Amino acid sequence: QVQLVESGGGLVQTGGSLRLSCAVSGPTLDHFAMTWIRRVSGNDGFRVASIIWKDNTTYYAQSVKGRFTIFRDNAQSTVHLQMNDLKPEDTDIYYCAARVLSSTEYTYWGQGTQVTVSS
């Protein structure tokens with residue numbers, strides 16, 4: 001059983017920064033991919049960034065490349081999303097989600113954290 005607790009959302013001006021965090025409790029994270037997903041209205045979500053814990057392989061949506069960085073903290077069992085140069089179009093609810101590497105389904109979800117970027 002895995003639990004994900006998110007923090008770090010908030011309201012920021014255009015060009016500002018936020019750092020989302022996803023603290024994970026449960027078994028070793030070596031078996032998991034951790035992903036930040038936007039709950040975009042009208043669809044099932046948009047994958048913003050992902051990291052495979054065991055080897056630090058990362059994925060970024062094209063729209064956030066060069067602005068967002070996903071990274072892990074092994075000691076704190078936490079995944080972070082550093083969000084720089086934020087734009088109003090980044091505004092959304094961001095969820096941390098985890099899947100087992102052998103699965104395509106995100107089994108575990110954080111509670112969501114609101115990111116609002118004012119224009």
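Visitor: Are C22 and C96 buried or exposed?

Guide: Buried means under 20% relative accessible area, exposed over 50%, and partly exposed in between (1.4 Å probe, protein chains only). Both C22 and C96 are buried. Of the 119 residues of the chain, 41% count as buried. This is a predicted model: local features need pLDDT of at least 70, side-chain atom pairs count only at pLDDT 80 or more, and totals for chains, interfaces and linings use all residues. Residues are numbered from 1 along each chain as its sequence is written, and side-chain values use heavy atoms, leaving out hydrogens and water.

Visitor: Which residues does a disulfide join?

Guide: A disulfide is a pair of cysteine sulfur atoms within 2.5 Å. By this rule there is one disulfide, and it joins C22 to C96 with an S to S distance of 2.1 Å. The link of C22 and C96 is left-handed, with -80° about the S-S bond. C22 lies in strand β3 (residues 18-25) and C96 in strand β9 (residues 92-100), so the pair ties together parts that are 74 residues apart in sequence.

Visitor: How many helices and strands does the chain have?

Guide: Helices (H or I, at least four residues) and strands (E, at least two) are DSSP runs, numbered from the N terminus. The chain has zero helices and 11 strands.

Visitor: What share of the contacts joins residues at least 24 apart?

Guide: Contact means heavy atoms within 4.5 Å. Among contacts in the chain between residues at least 6 apart in sequence, the share is 52%.
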